[in-house]
Amino acid sequence: MTVPYLSLAIWLPIFGGLLTLFAGKDRNAPVARIIALLTALAGFLITIPLYTGFDTTQANMQFLEVHPWIQYFNISYALGVDGISMPFVILNSFITIFVVIAGWEVIQEKVAQYLAAFLIMSGLTNGIFSALDGVLFYVFFEAALIPMYLIIGIWGGPNRVYAALKFFLYTLLGSLLMLVAFIYLFQHSGGSFSILDWHAAPLSMREQSWIFFAFLASFAVKVPMWPVHTWLPDAHVEAPTGGSVVLAAIALKLGAYGFLRFSLPIVPDASQYFAPLMITLSLIAVIYIGFVALVQTDMKKLVAYSSISHMGFATLGFFMFNQLGIEGALVQMISHGFVSGAMFLCIGVLYDRVHSRQIADYGGVVNTMPKFAAFFLLFAMANAGLPATSGFVGEFMVVLGAVKYNFWIGFAAATTLILGAAYTLWMYKRVVFGPVGNHHVAELKDINGREFLFLAVLALCVLGFGLYPLPLTEVMHATVDELLRHVANSKL
């Protein structure tokens, strides 16, 4: 009997989250924390066999689970992962552990509800990455909005309700067009909601174009691409540290994943036809948003804009239709999960002590927090794309793919390495270096054992994948190769 690893990766965190809720009121907070941590650890351990048992020579879906669900409409509970989706299931489950640990002491009100929201969202997100039925994907895609909406709206900053509503409405409205596209594909694929069946749906160029823009409306908001990016800085600034970590490390990947799972294989001709548009929007995100990040005075806002710029690299890599570009974009997305998550955790460490995210309220932090300053420097360098960190590998591969596609596009994309270094290191210099800025900084205490643990593990991930990215690239190679072959053979 085969073990249903994907179902366990989805439902174990969800049921663990519900169990955490039953821990009750805040007087039972220690019990809720322990249940949440054990659930997060178990959820991650469940995903390890997905990697160890993965056949890197196969491009098809693996760990398949298919069961009838709503037979009248031919809707199935169908799960499976390939070399594109499997790393994200593991990344999501991995990051959930850090979110639980990061909120261990900081969250003092509604502790059980806070931790339960993250666990339930973790399970729903694994469902998004592994769903092979359109309706199942849509259910998970929409349901994952609810926990994040609550996280921002309840535990966020002063403008949390505004930020939560903006986040919810932006993403919900885009998703409705995706549902229309799904229903159209159902009618034109012999009455099937199977995503793999849609790859062979006979669609004219006009039909593909409409479906492409329906997908674009949904996934561009989620990435977020310019110009529908404005919800992200607000959401990041108002969200608690754990919310920012999950938003940057996981939620932004859902939109980019959608392009690879839906746009490229289902409407390949339209994807190639509109590639110049996508490349233009991606370059605007990479360059323009990089300049926007330069003028930020709030650390969280700066890293939020940095995330938009880095995700522009991912969408740029997808629409150049070469192996280096797509694999580089995927590596960049995984790396961004580690680096941006670590950056927001570092900002959270400072905020927990000083209760300010303003760069001007710091200065000379290295004098009072030398261990923290060392970790923060490593993650800042990775955010800037320093060689030997994971931040360099993906960006370098995308730049090489861009040069192969068009030299000037590659040249324009490479400017982000300069901009990334400029805004990240300028922030680091003003916050960490120089004389002690004020009495708040003078009274700071260095990171404790809990903070050292999660920063050290993330540092090992950033350095490990920076020095040896093969374990990541080898699992995606066959799947990306097959995707490119499918797109190349799809000419109408």
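**Close-up 1. F63 in strand β1.** F63 lies in strand β1, which covers residues 62-70. Strands here are DSSP runs of E with at least two residues, helices are runs of H or I with at least four, and both are numbered from the N terminus. The model is predicted: local features need pLDDT of at least 70, side-chain atom pairs count only at pLDDT 80 or more, and totals for chains, interfaces and linings use all residues. Residues are numbered from 1 along each chain as its sequence is written, and side-chain values use heavy atoms, with hydrogens and water left out. F63 is not a glycine, yet its phi is positive, at about 55°. Its relative accessibility is 22%, so F63 counts as partly exposed. Buried means under 20% relative accessible area, exposed means over 50%, and partly exposed is in between (1.4 Å probe, protein chains only).

Close-up 2. β1 and β2 pair in the antiparallel sense over 6 bridges. Pairing requires at least two DSSP bridges between two strands. H67 stands opposite Y77 in β2. The hairpin has 4 residues between its strands, and N74 in the turn has a positive phi of about 60°.

**Close-up 3. Both faces of strand β2.** In a regular strand the side chains alternate between the two faces of the sheet. In β2, I75, Y77, L79 and V81 are buried on one side, and S76, A78 and G80 are buried on the other. Strand β2 (residues 75-81) is largely enclosed by the rest of the structure because 7 of its 7 residues are buried.

**Close-up 4. W11 and a nonpolar surface patch.** W11 sits in helix α1, residues 5-21. With F15, L18, L19, L21 and F22, W11 makes a nonpolar surface patch of about 630 Å². Patch residues have over 30% relative accessible area and no salt bridge; like charges are joined within 9 Å, and nonpolar side chains (Val, Leu, Ile, Met, Phe, Trp, Tyr) within 5 Å. A salt bridge puts a side-chain nitrogen of Lys or Arg within 4 Å of a carboxyl oxygen of Asp or Glu. Areas come from the Shrake-Rupley method with a 1.4 Å probe; for residues, only the protein chains shown count as cover. W11 counts as partly exposed because its relative accessibility is 32%.

**Close-up 5. C346 and C461.** The structure holds 0 disulfides. A disulfide is a pair of cysteine sulfur atoms within 2.5 Å. The sulfur of C346 has its closest cysteine sulfur in C461, 14 Å away, too far for a bond. C346 is buried, at 0% relative accessibility. C461 is buried too, with a relative accessible area of 15%.
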